[in-house]
Amino acid sequence: MRLQCNGFALGLDSPEGDFSFLSHAHKDHSAGMGRQKKIIASEETLAIVGLEKSACAIPDGVNLKMLDAGHMLGSRQLVLEEDGRKTAYSGDISLKENVFGHKAEIPQCDRLIMEATYGSDPVYKFPGYEQTYEQISSFIRSNDSSNILLGCYELGKAQEMVRILNERCGIAPVVNESTEEICRVYGRFGVKLDRLVIGSEEAEEVMNRRFVAVVPMRHAKRYFARRLADAFGKKTLCAAITGWALTMRFDADAAFPLSDHADFHELREYIIQSGAKEVEFFCGDGRRLLESLRP
Ligand SMILES: [Zn+2]
């Protein structure tokens, strides 16, 4: 998607344009961005995707600002003003303050281009973070004689899980190499995450006693947990950590609806508070959201 501003074409999470805005580092937003040599994004996002050299300043005459999106490290929204008219682009957002102290600011705008990942159905109403963090920690504590696999995506959610395990359970979880790479970038920006990298001596030692591992979703499955139980001679449980846990079944011992997206009701509130007269969705199905706002 592109916006025209002051004679420039601005790509929104797209490499097409005179310059581009990259909202955050997830692949569905950053794909192809290596082709763009002029990118406006937070320092953190550019570091995660390895495109620091493509950072560009806001061109003269373009009135653009970035707001926190609360979705993952470095995630931002964009507000562009031209001739007194404001357009906001949300990328992915979370309105609740997360374990790292971030949440989305709500832009004031005339036109809103936004995500609607969980905007298809009011059934998507997530419990507060505090409640979900507590449910996850209590699952870890009440199964303290078992090894545990917590499945989530590796960019953003895995780091959130590491922090929750550090703070709530006093546990440094085992992580794989690709999660470790992202944890290192978080560390460069001052986010402390205690973890053990699989294959290291410390991880081997812990894995011979009892361990909690933060793993990609594909490994938080019962068949994989059974293989680990055989290999380590210890009962192994697995849990899926995703917002889709509200409506989907997983081949796991537990599922927790921890999401770094806004739910249906938060998206609705976001639209109302933005004051936008025009609303467009770039992902997800927002028809029921708009219906719910009709007088
Ligand atoms: Zn995202």
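Accessible areas come from the Shrake-Rupley method with a 1.4 Å probe, and for residues only the protein chains shown count as cover. By that method the protein has an accessible surface of about 13,500 Å², of which 47% belongs to carbon and sulfur atoms. The model is predicted: local features need pLDDT of at least 70, side-chain atom pairs count only at pLDDT 80 or more, and totals for chains, interfaces and linings use all residues. Residues are numbered from 1 along each chain as its sequence is written, and side-chain values use heavy atoms, leaving out hydrogens and water.

**Fold and dimensions**
- There are 9 helices and 15 strands in the protein, taken as DSSP runs (helices H or I, at least four residues; strands E, at least two) numbered from the N terminus.
- The radius of gyration, taken over C-alpha atoms, is set against a globule rule of 2.2 Å times the number of residues to the power 0.38.
- The protein is as compact as a globular protein of its length, because its radius of gyration of 20 Å is close to the 19 Å that the rule gives for 295 residues.
- The C-alpha trace spans about 65 × 45 × 30 Å along its principal axes.

**Burial**
- Of the 295 residues, 54% count as buried, meaning under 20% relative accessible area, with exposed over 50% and partly exposed in between (1.4 Å probe, protein chains only).

**Cysteines**
- The protein has 0 disulfides, a disulfide being a pair of cysteine sulfur atoms within 2.5 Å.
- The sulfur of Cys 56 lies 11 Å from the closest cysteine sulfur, in Cys 5, which is too far for a bond.
- Cys 56 counts as partly exposed, at 22% relative accessibility.
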